[in-house]
Amino acid sequence: MTTALITGASSGLGAEFARQLAAQGHDLVLVARHRERLEGAARELGTRYGVEIEVLAADLTDPLGLGTVVVRAKDPSRPVGILVNNAGHGLLHDFHSNPLTDEVHHLRLHVEAAMSLCHAVLPGMLARGEGQIINVASVAAFLPRGTYSAAKAWLVAFSRWANVHYRRSGVAVTALCPGFTRTEFHERMGMETRWYPGWTWLRAERVVRDGLRDSAAGKAVSVPSVLYKAVVLASRVLPDALLGGPARRPRR
Ligand SMILES: NC(=O)c1ccc[n+]([C@@H]2O[C@H](COP(=O)([O-])OP(=O)(O)OC[C@H]3O[C@@H](n4cnc5c(N)ncnc54)[C@H](OP(=O)(O)O)[C@@H]3O)[C@@H](O)[C@H]2O)c1
């Protein structure tokens, strides 16, 4: 068993990664901004599964916060064997109407933080000849849906390259690409979700299980469910005007 560092571990998919990895017997480093939520999860999972859990409260869009997590990720005395780059958020409005600072923070969180942490853990993983990196992207990476799609497409392209490049040295790099999943994601961005039928929604438990299975199998890209595999296939043939879908609506 090894240590897994999970970003965005205070809710949704990150909290579920923490549960499933603790259940497998891995020690954890939990990262997010809300310390109390992380400490609550650490107490619960530590008691239930008997694993060691560190809490790092950090804002990954802040250079100081990211720097703290990078230092921990590089620490050779407590090696990280599994990295889950999961922290993320969405932007409700179109690119031109968002403040540029919001767009910059969004890009930093999805791309700069994930890239920095990959860069921090890879030398140790390669030296040990084993490791798993899961970059939580999205099915949106295959669709033309604003800067969210663009950032997630970076994670998919990077993971596809890195998996070919590092797999032969024992390190699997996997982009996990869920579709709609029931977490706090849409509520936090203030998006109306009433119009999306129940059958389009995945459960976090299933998304994480599929992602861990595909990472263990060394896959570069993991798309949970037949529905969203079909969406990825459709994205190769349908015109962008159709794939873009309707504009997001604010929650009422
Ligand atoms: N839910 C979906 O439908 C869906 C679909 C495809 C992909 N995804 C992706 O899945 C990932 C997880 O999202 P989720 O659905 O689980 O949403 P969520 O429940 O809102 O969780 C987001 C997590 O990211 C953390 N976070 C946000 N901003 C942060 C920051 N600046 N620094 C550090 N941590 C930060 C949050 O914790 P704090 O607030 O405590 O910092 C929280 O733990 C995201 O990358 C998202 O893009 C989600």
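On a 1 Å grid over the protein atoms alone, a cavity is a set of points where a 1.4 Å probe fits but cannot get out, and lining residues have an atom within 4 Å of a point. Grid points are joined across faces, edges and corners, and a volume is the space filled by probe spheres set on the points.

This is a predicted model, in which local features need pLDDT of at least 70, side-chain atom pairs count only at pLDDT 80 or more, and totals for chains, interfaces and linings use all residues. Residues are numbered from 1 along each chain as its sequence is written, and side-chain values use heavy atoms, with hydrogens and water left out.

**Exercise 1.** Find how much space lies in the largest cavity, and which residues lie nearest its centre.

Solution. Begin with the count: one cavity reaches 30 Å³ or more. The largest cavity holds about 70 Å³ of space.

**Exercise 2.** Check the span of helix α4 against its number of residues, then locate its kink.

Solution. Helices are DSSP runs (H or I, at least four residues), numbered from the N terminus. The expected span is 1.5 Å times one less than the number of residues. Helix α4 (residues 100-128) has 29 residues and so should span 42 Å; its end C-alpha atoms are 41 Å apart, which agrees. Now for the bend, the angle between axes fitted to the seven residues ending at a residue and the seven starting there: α4 has a kink of about 40°, centred on Arg-108. After α4 comes Gly-129, with a positive phi near 75°.

**Exercise 3.** Classify the aromatic pair of Tyr-148 and Phe-185, and decide whether Tyr-148 is buried or exposed.

Solution. Rings of Phe, Tyr and Trp (its six-membered ring) pair if their centres lie within 6.5 Å; planes under 30 degrees apart count as stacked, over 60 as edge-to-face and the rest as tilted. The structure holds six such pairs. Tyr-148 and Phe-185 are 5.7 Å apart centre to centre with 55° between the planes, a tilted pair. Tyr-148 lies in helix α5 (residues 146-167) and Phe-185 in helix α6 (residues 185-189), so the pair ties together parts 37 residues apart in sequence. Last step, accessibility: buried means under 20% relative accessible area, exposed over 50%, partly exposed in between (1.4 Å probe, protein chains only). Tyr-148, at 14%, is buried, whereas Phe-185, at 22%, is partly exposed.

Methods
Helix = DSSP H or I, 4+ residues; strand = E, 2+ residues; numbered from the N terminus. 1 Å grid on protein atoms, 1.4 Å probe; cavity = no way out; pocket = protein on both sides within 12 Å on 5 of 7 lines; lining within 4 Å.
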